[in-house]
Amino acid sequence: MTQLPPPPDFARLLESGLDERPLALFLDFDGTLVDLAPTPDGIEVPEYLARSLHELGERLNGRLALVSGRAIVDLEKHLGPVKLACAGSHGSDCRGADGMNIGEIPDGLPPKLLAEVAEFAEQSGFALEDKPHGAALHFRSDPSLEDKGLAFAKRVAEEGDLDIKRGKCVIELVGRGANKGSALRAFMEKEPFAGARPVFVGDDITDEDGMRAATDLGGYGVIVGDREPTCAKYGLASPAAVHHWLGL
Ligand SMILES: O=P(O)(O)OC[C@H]1O[C@H](O[C@H]2O[C@H](CO)[C@@H](O)[C@H](O)[C@H]2O)[C@H](O)[C@@H](O)[C@@H]1O
């Protein structure tokens, strides 16, 4: 396993002491800002997290975005109202800190497909997460279900013209085209992000799209944990290390 070096000192990055371009920060949620838990609703969100993120957003003059596989409404269930730029549902649903949508907001799964996914989940031992812009099949309680879930998801994705997103003990079906890289690029075209150096911090395979886009735009990725392969330049061990680095 390759050990990546830690990212540069965050206080110095914030002061722009190391760079002629200001910093824009893109943060994944599960596995990056909060530890993974047995179920989506079982996460423990530190009481200071929402306040600290908003303070950080102010220090970055608005150049902070949360970029999550969760729907924005789900992020807000755990964080309270989020007055930061946000991309939910793996980049399908983007909005600025002012609450205005960026781009098209996709539909959810057609009811017939959702019913098919729900029936499969119930019969096969997956926990279904019904999301506003898709559906997730969770198998953390039985990792041996992965191949079965994938075969089913491939068939449904073809039938419904959907994308499959893989994650940690989860297989998701979402509308075609969006990913965390497209979300980062959409933010970077607009104020207050335009011209900044993007840094994407994440732990999972879907975060690699965000890290790749950040790298292409002159920034870099920070991988959290030991996932490989990664296009990240730097590494941090855990969400606790992310909090420490960011001074949350
Ligand atoms: O992009 P993220 O913010 O990392 O969101 C990815 C998915 O996170 C959630 O599932 C994951 O976290 C759960 C809680 O720790 C865990 O039980 C599950 O096994 C993980 O896959 C969330 O439920 C999904 O909707 C997100 O897409």
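**Reading the sheets, domains and ligand shell**

Tutor: Strand β2 (residues 64-67) and strand β3 (residues 85-88) are joined by 3 bridges and pair in the parallel sense. Helices (H or I, at least four residues) and strands (E, at least two) are DSSP runs, numbered from the N terminus, and two strands pair if DSSP finds at least two bridges between them. The model is predicted: local features need pLDDT of at least 70, side-chain atom pairs count only at pLDDT 80 or more, and totals for chains, interfaces and linings use all residues. Residues are numbered from 1 along each chain as its sequence is written.

Student: Which residue is the bridge partner of V67 in β3?

Tutor: In general, strands of a sheet pair through backbone hydrogen bonds, either parallel or antiparallel. Here V67 has A87 as its bridge partner in β3.

Student: In what order do the 8 strands of the open sheet stand?

Tutor: The order is β5-β4-β3-β2-β1-β10-β11-β12, with mixed pairing. At the edges are β5 (101-102) and β12 (234-236), each with a single partner strand, so one side of each is left without a neighbour in the sheet. Helix α3 (residues 72-79) packs on this sheet and touches β2, β3 and β4 (93-95); its direction makes about 120 degrees with that of β3. For such angles, axes are lines fitted to C-alpha atoms, for helices over the stretch in contact, and angles run from 0 to 180 degrees between N-to-C directions. Contact between two residues requires their C-beta atoms, placed from the backbone, to lie within 7 Å.

Student: In what sense do strand β10 and β11 pair?

Tutor: Strand β10 (residues 197-202) pairs with β11 in the parallel sense, over 4 bridges. Within this pair, V201 stands opposite V222 in β11. Of the 5 residues of strand β11 (residues 220-224), 4 are buried, so the strand is largely enclosed by the rest of the structure. A residue is buried if 20 or more other C-beta atoms lie within 10 Å of its own, exposed if 12 or fewer, and partly exposed in between, with C-beta atoms placed from the backbone.

Student: How many residues of helix α6 are buried?

Tutor: In helix α6 (residues 180-188), 7 of the 9 residues are buried, so the helix is largely enclosed by the rest of the structure. Among them are L184, F187 and M188.

Student: What is the order of the sheet that 4 strands form?

Tutor: That open sheet has the order β6-β7-β9-β8, and its pairing is antiparallel. Both β6 (127-131) and β8 (162-167) stand at the edges with a single partner strand each, so one side of each is left without a neighbour in the sheet. From one strand to the next, the twist averages 20 degrees. Between β6 and β7 there are 5 bridges, and K131 stands opposite G134 in β7. Helix α4 (residues 111-124) lies across β6, β7 and β9, running at about 160 degrees to β6. Helix α5 (residues 146-160) also packs on the sheet, touching β7, β8 and β9, and its direction makes about 155 degrees with that of β8.

Student: Is H90 buried or exposed, and is D161 buried or exposed?

Tutor: H90 counts as buried, with 29 C-beta neighbours inside 10 Å. D161 is exposed, with 8 other C-beta atoms within 10 Å.

Student: What does the domain assignment give?

Tutor: Domain bounds come from an automatic or database domain assignment. For this protein the assignment gives domain 1 (10-105 + 178-246) and domain 2 (111-175). Their centres, taken over C-alpha atoms, are separated by 25 Å, and 16 residues of domain 1 are in contact with 14 residues of domain 2.

Student: Which residues come nearest to the ligand?

Tutor: A residue is near a molecule if its C-beta atom, placed from the backbone, lies within 6 Å of it. Of the 24 residues around the ligand, F29, D30, P40, S68 and G69 come nearest. The shell draws at least three residues from each of domain 1 and domain 2.
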